[in-house]
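These are my notebook entries on one protein model.

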Amino acid sequence: MLNRIFFVCLSLSLYSAGSSLSCRWIMDHKFRQHSKNSLALLDTMANNSTNTTEDAEVEDTVAFPNLLYRQASKASAEDQLAFTVQILDETAALFEEDHSSASWEENTVEDFVNVVTQQADNLRSCIGSHGHKTNKKLQMYFMKLSSHVLKKMGHSAEAWELIRKEIKTHLMRADQLVSSLLTTN
């Protein structure tokens, strides 16, 4: 009996060690559920919006960091998760700025920030105990969104609609990044 218990424990530890990602929160598809919720909340914001930004795009002032996503996709599982955590943290911080000009319901914005923060916190628990460096280029990108889009446009409804669209793209890319980890295990 003791030998069987030892064998089961040994097998489980070898399986976990062989897996590049052993994070129950991701494996149970909780990240995916939260991603769907955050995207739905962003869509709700768009539906409640009276903003029109059909001609304007964030790319006119701040280029989307496609290269950073390509680099992250080639990194280790832990580094991919750290990158995703940073995206979520930066997103939450961005939506803490003055959005009073946007015609969004306050509880929708609060729910969105809460879901994104919960995603970041749970992913952070999946990363090893050693600290990961902040991606300075990603940090600068989000700072530019704040200063070149929000502040220059006076935190207007149009600026927030541009940010909402940009963040939706980020969240979809982050979901793809984390989902790719499930297919490689």
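What does the accessible surface of the protein come to, and what percentage of that surface belongs to carbon and sulfur atoms? I looked this up on the model, which is predicted. The accessible surface comes to about 10,400 Å², and carbon and sulfur atoms account for 52% of that area.

Entry on burial. I noted that the protein has 185 residues, of which 43% count as buried.

Entry on secondary structure. I found eight helices and zero strands. Read from the N terminus, the order of elements is α-α-α-α-α-α-α-α.

Entry on contacts. I considered contacts between residues at least 6 apart in sequence. Of these, 87% join residues at least 24 apart.

Entry on cavities. I searched for cavities of 30 Å³ or more and recorded one. The largest cavity has a volume of about 40 Å³.

Entry on the cavity lining. Which residues line the largest cavity? I listed Phe 31, Ser 35, Ser 38, Leu 39, Leu 88, Gln 119, Leu 171 and Ala 174. By class, I counted five nonpolar and three polar residues in this lining, with no charged residues.

Entry on the source of the lining. Which helices each supply at least two residues of the lining of the largest cavity? I recorded helix H3 (30-47) and helix H8 (157-183). H3 gives the largest share of the lining, namely four residues.

Definitions and conventions. Residues numbered from 1 in each chain as written. Predicted model: local features only at pLDDT ≥ 70, side-chain atom pairs only at ≥ 80, totals over all residues. Heavy atoms only, no water. Buried < 20%, exposed > 50% of the residue type's maximum accessible area, 1.4 Å probe, protein only. Contact = heavy atoms within 4.5 Å. Areas by Shrake-Rupley, 256 points an atom, 1.4 Å probe, with all protein chains shown as cover. 1 Å grid on protein atoms, 1.4 Å probe; cavity = no way out; pocket = protein on both sides within 12 Å on 5 of 7 lines; lining within 4 Å. Points joined across faces, edges and corners; volume = space filled by probe spheres on them. Nonpolar A, V, L, I, M, F, W, Y, C, P; charged D, E, K, R; others polar.
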